[in-house]
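Please give me a short briefing on this structure, with the main points grouped by topic.

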Amino acid sequence: MAMGMIKGWTAGWLLGASCLALASCAPAGNPYPPVPPPQPEVMDKPPVTTTPLIWQPGHWDWAGSGYAWTHGAFVPREGHSELWMPGYWAQTPDGGWSWQPPHWL
């Protein structure tokens, strides 16, 4: 074997081994399935009440082994802001994942 071929093969082998080593050090991604897109829903007219109401959109919620759809509903406005935050997975300081349920900000 020519010296150039040996150097090329060695460099290629080292590059491949480095890539494998770096890939094994990369943090694992979120092990849970992505949150599905919202289901289409029809917003009925709000019920007539003396309490002001706000529409809480339908949303997916984690049910332990998969997502379950919760239909939208009118809820009392008191105690709710104007901003609805859908549920999401957040990485914890220990490298795990924690489900943050949908909520009003």
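In the hairpin of S2 and S3, Gly 64 has a positive phi near 95 degrees, and 4 residues lie between the two strands. The model is predicted: local features need pLDDT of at least 70, side-chain atom pairs count only at pLDDT 80 or more, and totals for chains, interfaces and linings use all residues. Residues are numbered from 1 along each chain as its sequence is written, and side-chain values use heavy atoms, with hydrogens and water left out.

**Hairpins**

- S2 and S3 pair in the antiparallel sense over 4 bridges; two strands pair if DSSP finds at least two bridges between them.
- In this pairing, Trp 62 stands opposite Tyr 67 in S3.
- Strand S6 (residues 88–91) and strand S7 (residues 97–100) also pair in the antiparallel sense, over 4 bridges.
- Gln 91 stands opposite Trp 97 in S7.
- The hairpin of S6 and S7 has 5 residues between the strands. Gly 95 in its turn has a positive phi of about 90 degrees.

**Overall layout**

- The chain has 1 helix and 8 strands. Helices (H or I, at least four residues) and strands (E, at least two) are DSSP runs, numbered from the N terminus.
- From the N terminus on, the order is α-β-β-β-β-β-β-β-β.
- Of the 105 residues, 16% count as buried. Buried means under 20% relative accessible area, exposed over 50%, and partly exposed in between (1.4 Å probe, protein chains only).
- The accessible surface comes to about 8,000 Å², and 67% of this surface belongs to carbon and sulfur atoms. Areas come from the Shrake-Rupley method with a 1.4 Å probe; for residues, only the protein chains shown count as cover.
- Among contacts between residues at least 6 apart in sequence, 43% join residues at least 24 apart. Contact means heavy atoms within 4.5 Å.

**Core**

- The largest nonpolar core has 6 residues: Trp 60, Trp 62, Tyr 67, Trp 69, Trp 89 and Trp 99. Such a core is a set of buried Ala, Val, Leu, Ile, Met, Phe, Trp, Tyr and Cys residues joined through side-chain atoms within 4.5 Å.
- S2 and strand S3 (67–70) each supply at least two residues of this core.
- Side chains alternate along S3.
- Leaving aside neighbours within four places in sequence, Trp 89 is in contact with residues including Asn 30, Pro 33, Val 35 and Ser 98.

**Aromatic pairs**

- There are 9 aromatic pairs. Rings of Phe, Tyr and Trp (its six-membered ring) pair if their centres lie within 6.5 Å; planes under 30 degrees apart count as stacked, over 60 as edge-to-face and the rest as tilted.
- Tyr 32 and Trp 62 form an edge-to-face pair, 5.3 Å centre to centre, with 75 degrees between the planes.
- Tyr 32 lies in the loop between helix H1 (3–25) and strand S1 (53–56), and Trp 62 in strand S2 (residues 59–62), so the pair ties together parts 30 residues apart in sequence.
- Tyr 32 is partly exposed, at 33% relative accessibility.
- Tyr 32, Trp 62, Tyr 67, Trp 89 and Trp 99 form one aromatic cluster.

**Salt bridge**

- The count comes to 1 salt bridge, that is, a side-chain nitrogen of Lys or Arg within 4 Å of a carboxyl oxygen of Asp or Glu.
- Arg 77 forms a salt bridge with Glu 82, with the closest N and O atoms 2.5 Å apart.
- Arg 77 is partly exposed at 33% relative accessibility, whereas Glu 82 is exposed at 63%.
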